[in-house]
Amino acid sequence: MERSTIVRVHEGLHARPATRFVKLAKGFESDVEIIKDGKAVSAKSSVKLMLLGVKENQEVVVRATGADAIEAVEALIGYLENPKAGLDDESESQSPASGAAEAARPVPAPESPKTAPAGSLRGVAASEGVAIGPAFAHFPPQITAQAHQLKADEIDGEIERFRAAVSAVQARMDRALAQDSLSAGDRGIIAALRDIAADDTLTGEAEKQIKGGTDAVSAVVTAAATIASDFSAVDDHYLNARADDVQAVGRQLCLALLGQDDVSLENIPEGAILIADDIGAWDLARAPLKRIGGVVCGHGGATSHIAIIARSHGIPAVLGLGDKVNALRTARQVALDGNSGAVIIDPDAATSADFAERVEAAARERAGLTVFKGVTPKLANGTVIEVAANIGSLEEIEAALDAGAMGIGLFRTELLFMRHMHLPSEDMQAETYSALAKAFARHPVIVRTLDIGGDKPIAGIEFPEEENPFLGWRGIRMCLDRPDIFKRQLRALLRAAVHGNIKVMLPMVSDIGEVRQTRILVEECAAELKAEGVAHAMFDLGVMIETPAAVLIAPALAKEVSFFSIGTNDLTQYIMAADRLNPTVAKLNDVTNPAVMSAIELTARAGVAAGIMVGMCGEAAGRPDLIPIFVKMGLTELSMSPASIQRAKKTISAMVGSA
Ligand code: PEP
Ligand code: MG
C-alpha cells in the first residue's frame, strides 16, 4: 500500500515534527517507509527521517506493508498534509535545546574590545565580569576504535553487552529528564539526545558491525562518526548541529561499555575557572553553574549557548579562543576579563592581586547595588530615566527582572532566527514576543526587527557573497527586499502588541525611505490581520541610530518615528570607520571619541526638539562614566546588559544630588 502527497507540514519534517511523525508511525505494526527522490527510509527512525531532509511543499511517498498498512498510510498522509502539524511544539525549538543553538553564528561581541594586558590571550568577551581562580581543565579524552576482532562465539555476548549499555544510557537520560529542577532549555537538550539514543539508526548500525565481528566500542565509534558526518554534510545549519548530538550519544554509549564515567563537571571546585575546548550539551545541562567562577572556551561566540547561560548566571566568560585554548590545559591558575576578552595564564603575583581586588570590589559593589533593584531613577525635575535590559532570548528574562529592568530596550531577534532550522513561523514569533510583553507588562518592550547580514547567514535566507558585509545587504535593507520574511515578523509583532507595551525599532536605517516603506508594510499587515479576524494592536515604531546617515537626517527622521535608540556599537564603528570586531583598530573604536560623542549629541538634540523619546541601547549606555553626559544630553532611556542595570540606576540617582 502506498500513496504520494505534497508535504504541507509547516517548515517540513525538522526535529519536532519528525519525532511526532515517527511516534505516529511506530503506533502501527506495519513496516512503514517514506520515500523522497527515490530514496526510501524507515518512517520509524527520526534520525533517518531528518537525514532525508523532507521540506515543506516537497513530494513524498508513504509506503506500508503489513496488517494495518491502509490505516498507517492514511494516518501518516493526514499528518503530512496538515500545515499545522508540529506547530504547537515550535516554541521548544527556540530554546537552547535545539542543537542549532550551538551552530548559531555569533553576533558581534557585545563589548567593544579593549587593550589586553601584555602576555595574555584574547578571545570573544562573551559574558562580562572578571574572575580569577584555579583552572579546571575539562578536555574529556577521545574514545577511539580499538578494532578488536571478535571470535564467532563472542558475538552474542557482545550484542547483549551493547544492548545493556543502550538501556543504561537511556535510563540515565530518563532519570535526568525526571528532575523537577531542570529548566525548559536543559530538558530540551536532554530530550533531543534521548531521541537519538532511542533511535535505531545509531544502535542498528552499531549492532550490524558487532554482528560482523567488531567489538562494541569500535562499532559505536564508527557508527556515530558515519552518522555524524552524514549530518555534517547536509546543507542545513540545524541538521549540521545534530552531528554533535550523535557524537555525544555515541560517547555516552562507549563510556557505558567501558564501565567508565565521563570526566565530570560535578566535582568542579568552588570558584574554579572552567577551561574547555567546547562544552557539550549533555555536560552543560548538568554543570553546577553556581560553583563556576568563570568560563574559557576554544569554541563559541557571544551568542553561543554557553555565552547565554553564562550571562544569565552572571558568570564571566571568554569564548572563541580557538586552538589557543590548548595553552591553558596545564594552567594552574587563570584570570579572565569578560569585558575585554583577556585571559591570563598563571598570572604573576601582582596581576593575581589586581584581579583578586577587582573580583572583591565587584562582589562588594554587587552587594551594595541590590538596593537599587526597585528604584525608579528620576531627575530633579521629575523626569524618569528608564533603565532597561538588552536581551536576545526568553531565557534571559529572569536575569533582567532580577536586576530590576524597567522593560526591554533591545530584544535582538537574530537568535530566534539563527537557532531555528528554518525561518521561524509567524505563530512561533508571536508566541515569543507575547511572552516578552507579558513578562514586562508594566514596561515597554522594544523589539528590534531582524538585524542580520552576510557575515552571519541563517538557514532560509540566501545571502550574496559580499566584499564588505558590514556595509552590505543587512538589517532593514535585507528585510525590505524580503517582504515575505519581514511581514511575517511584523504580523507577529502586531499580534503580540495585544499583550503588552510592544514597541518596534528598525536597525541600520540610513534613509528615510526605509522607514516609510516599513510603515506601508505595517499598515498592510494590520489590514490583513483585521480581514482575517486576528487580534492585533498597533505598536510605536522607532529607529536605531547607528549609521552616520541616520545622525545627519535625524531631524527629518524624528518627524516620522516615535523614538530613537542610539546603537553606539555600530555607530562608533561607522563614524570612526573602524571595524568593531577587529582588535587591531580597537583604539579607534572608542565611543568617547569626540566624533562619536558629537554624533550622539546631534541625535539627542534632534529627538528632543521633535519631542520624541531618545534612548540608547549600545554598550555605552551602561557606562557609569558616560551616563551623566547622556542624560544631560536629553536621553531618557538607557538599555544595557542586565548585569549593569543596578549600577546605572545608582549613577542616575546620584545625579539628582549633583544637578
Ligand atoms: C549597536 O549597534 O549599538 C547595537 C545595540 O546593536 P548590535 O550590537 O546588536 O549591532
Ligand atoms: Mg547594531
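In helix H21, the buried residues are Thr568, Asn569, Asp570, Leu571, Thr572, Gln573, Tyr574 and Met576. Here, buried means under 20% relative accessible area, exposed means over 50%, and partly exposed lies in between (1.4 Å probe, protein chains only). Helices (H or I, at least four residues) and strands (E, at least two) are DSSP runs, numbered from the N terminus. The structure is a predicted model, in which local features need pLDDT of at least 70 and side-chain atom pairs count only at pLDDT 80 or more, while totals for chains, interfaces and linings use all residues. Residues are numbered from 1 along each chain as its sequence is written, and side-chain values use heavy atoms, with hydrogens and water left out.

H21 spans residues 568-576 and is mostly covered, with 8 of its 9 residues buried. The cover of these buried residues includes strands S14 (408-412), S17 (540-545), S18 (563-566) and S19 (613-616), together with helices H19 (548-552) and H22 (594-610). After H21 comes Ala577, which has a positive phi near 50 degrees.

Turning to the cores, a nonpolar core is a set of buried Ala, Val, Leu, Ile, Met, Phe, Trp, Tyr and Cys residues joined through side-chain atoms within 4.5 Å. The largest has 95 residues, and Phe564 is among those with the most contacts inside it. Beyond its neighbours within four places in sequence, Phe564 is in contact (heavy atoms within 4.5 Å) with residues including Val543, Ile545, Thr603 and Val614. A second, separate core of 61 residues includes Ala69, Val73, Leu76 and Val246.

Finally, Arg251 sits in helix H9 (residues 237-258). Arg251 counts as buried because its relative accessible area is 17%.

Conventions: Chains lettered and ligands numbered in written order.
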